[in-house]
Amino acid sequence: MTFARFLDLPDTVAPDYQGGSLFNLMASLRDRFGDHRAASMRLRDHSRLGLESARIVVLLVIDGLGAQDLATRGAGSFLARHQAGTLTTVFPATTASAVTTTLTGIAPAEHGLTGWYIRDDRFGGVLAPLPMVRRDRQPMTGWWRIPRLFPYPSLFQRLDTRSVMVAPESILGSPFNMRHSRGVARRYGYQDLAGLETQLVQAVADLGSLEGFVYAYHADYDALAHQAGIGSAACDAHFLAIDAMVARVSAQLADSGALLLVTADHGFIDSPPERQSDIASEGGLQGYLDGPLWGERRVAYCRVRPARRAQFEVEAMARLGDRFHVVPSARLIDAGAFGPATKPSRRLRERIGDFALIGRENWTLYDWLPQERRYPMLGVHAGVSAAEMLIPLVSVPC
């Protein structure tokens, strides 16, 4: 399968918003359950999934399970045997952007979450919208912030059917999750894979004889990959546990009329310490910036002091060009990198700054604020390599 290159850059994969992306999968689900405004944005092979004949659709999002990872680690597995295709995720290939797309049915160009950290000067600069903390570790308190940061409806409010959510108890009641699950009939929490299995089966049973949609999310694979690396024995073991759990769920849902779909938000690569760059060590580049970096280590956005922008681009290319693509952020918007938008985010240009520094191969870029806890991260994502951008779509009729 051949995918277009991102901005025509070598060794990259662009999001396929024309019918082959996570965004298009969500458009197909929107259309299936009554939001026919999304029909023109469905998957190009929409009919192959069997959505129309399924009484209940269960969508399980496994954070971090890339298509290349499944092809190598999961050869012969239950998930691999039932893989219906390979999709691209959205850009950037990261949880904050992609999971928000699954929870809203809209692309990053519309919801405006362009990385784990975003810049929004209304709230003091750089902040992490999922845990609702600023980079200076100050909590984002105040109920009025939530609708201003997330001014769009959830996916579940768009659907003309009963829907439920299954998510880890640790995040189920978070401000971000509560805002993005408006419209669900019920929320089911769990603590481990055994709990996820139980709650998935229970959620389908509780929908009874009517149509319905079950949204489920599993985070632990991503957490393990960040800490131990995607190539680790820990990820080997957890993949096998996930695969066995999905097989058991499908068996328990037999003859229920459900369609079990399994996908991911992004894939992973490993970036060893010698491939991790601190911008403070890159000559005088940090002195050009108006504030800290934000986004991700694989896609770092920056705002440059207005009088220094031309000089910054020249020097960034000289210092970083062999390790990072130095991309004027306006080019990302012009190229449609963040996807289509019926109502584009008013904050999008602010959220991507003046330049995006996108890692080549397995390079990452970071900075530290004085009060931040410094933490290692071996497994990374958000970049535009095939390993990060490609995700599996598994389909199991039950």
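Axes here are lines fitted to C-alpha atoms, for helices over the stretch in contact, and the angles between their N-to-C directions run from 0 to 180 degrees. With that in hand, helix 10 (residues 193-207) and helix 12 pack at about 20 degrees, and their axes sit 10 Å apart. Keep in mind that this is a predicted model.

**Helix 12 and helix 10**

- Angles under 35 degrees count as roughly parallel, so helix 10 is roughly parallel to helix 12.
- The crossing of helix 10 past helix 12 is right-handed.
- On the helix 10 side, the contact is made by Leu 193, Leu 196, Glu 197, Leu 200 and Val 201.
- Helix 12 answers with His 238, Ala 241, Ile 242, Met 245, Arg 248, Val 249 and Gln 252.
- Sorted by class, this contact has 8 nonpolar, 2 polar and 2 charged residues.

**Helix 12 and helix 11**

- Helix 11 (residues 220-228) packs with helix 12 (residues 233-252) at an angle of about 170 degrees, with 9 Å between their axes.
- Angles over 145 degrees count as roughly antiparallel, so that is how helix 11 and helix 12 run relative to each other.
- From helix 11, Asp 220, Tyr 221, Leu 224, Ala 225 and Ala 228 meet Ala 234, Cys 235, His 238, Phe 239 and Ile 242 in helix 12.
- By class, the residues in this contact are 8 nonpolar, 1 polar and 1 charged.
- His 238 and Ile 242 of helix 12 turn up in the contact with helix 11 and also in the one with helix 10.

**The nonpolar cores**

- The largest nonpolar core has 115 residues, and those with the most contacts inside it include Phe 6, Leu 25, Phe 91 and Val 214.
- Strand 1 (residues 56-62) gives the most to this core, with 7 residues.

**Gly 20**

- Gly 20 lies in the segment before helix 1 (22-32).
- With a relative accessible area of 6%, Gly 20 is buried, because buried means under 20%.
- Setting aside neighbours within four places in sequence, Gly 20 is in contact with Leu 43, Arg 44, Leu 87 and Thr 88.
- Gly 20 and Leu 87 are 67 residues apart along the chain, yet their C-alpha atoms are separated by 5.3 Å.

Key: Residues numbered from 1 in each chain as written. Predicted model: local features only at pLDDT ≥ 70, side-chain atom pairs only at ≥ 80, totals over all residues. Heavy atoms only, no water. Helix = DSSP H or I, 4+ residues; strand = E, 2+ residues; numbered from the N terminus. Parallel < 35°, antiparallel > 145°, perpendicular 65-115°, else oblique. Contact = heavy atoms within 4.5 Å. Nonpolar A, V, L, I, M, F, W, Y, C, P; charged D, E, K, R; others polar. Core = buried A, V, L, I, M, F, W, Y, C linked by side-chain atoms within 4.5 Å. Buried < 20%, exposed > 50% of the residue type's maximum accessible area, 1.4 Å probe, protein only. Left-handed = near helix turned anticlockwise from the far one by under 90°.
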